[in-house]
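Here is a short report on one strand and its surroundings. Please keep the sequence and the model side by side while reading.

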Amino acid sequence: MAASDHLRVDVENERDRIVVRLSGELDLASAPHLERELERAQIETTQMLVFDLDGLEFLDSTGLQVLLATHRRAGERGQAFAITRGSPQVQRLLDITRVAERLTIVEAPV
């Protein structure tokens with residue numbers, strides 16, 4: 001099964017931000033797929049980057065590392081970075097690892 005079969009990445013330009021909508025599973029197998037999509041999207045040109053996790057069903061430590069690395073790079077570029085809440089499993093991992101405390105969580109991506 002290809003990584004793109006279990007992770008869907010949709011990148012949309014919305015006014016002053018880029019919204020990255022994730023659905024499926026973000027894990028060791030699919031993290032490179034997300035990273036490639038982020039490179040193609042040229043996200044460095046926007047004021048704000050939002051990861052919409054509403055459709056994300058599963059997140060492992062590798063996926064978590066991609067989120068944190070993207071957050072760090074956004075900060076280095078002077079961009080705002082936020083996420084929406086994910087499934088209960090995703091939210092539990094963000095809470096247990098205390099990552100939710102470090103990231104801005106918004107109710108809706110726009």
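Two strands count as paired if DSSP finds at least two bridges between them. The model shown is predicted.

**Strand E4 and its partners**

Strand E4 covers residues 80–84. Four of its five residues are buried, and the strand is mostly covered. E4 pairs with strand E3, residues 48–59, in the parallel sense. E4 also pairs in the parallel sense with strand E5, residues 104–106.

| Strand pair | Sense | Bridges | Residues facing each other |
|---|---|---|---|
| E3 and E4 | parallel | four bridges | leucine 49 and phenylalanine 81 |
| E4 and E5 | parallel | three bridges | alanine 82 and threonine 104 |

**The aromatic pair**

The structure holds one aromatic pair. Its rings belong to phenylalanine 51 and phenylalanine 81. Why is the pair tilted? The ring centres are 5.4 Å apart and the planes stand at 50°, so the pair counts as tilted.

Phenylalanine 51 lies in strand E3, and phenylalanine 81 lies in strand E4. The pair therefore ties together parts that are 30 residues apart in sequence. Are these two phenylalanines buried or exposed? Both phenylalanine 51 and phenylalanine 81 are buried.

Conventions:
Residues numbered from 1 in each chain as written. Predicted model: local features only at pLDDT ≥ 70, side-chain atom pairs only at ≥ 80, totals over all residues. Heavy atoms only, no water. Buried < 20%, exposed > 50% of the residue type's maximum accessible area, 1.4 Å probe, protein only. Helix = DSSP H or I, 4+ residues; strand = E, 2+ residues; numbered from the N terminus. Phe/Tyr/Trp six-rings, centres within 6.5 Å; stacked < 30°, edge-to-face > 60°.
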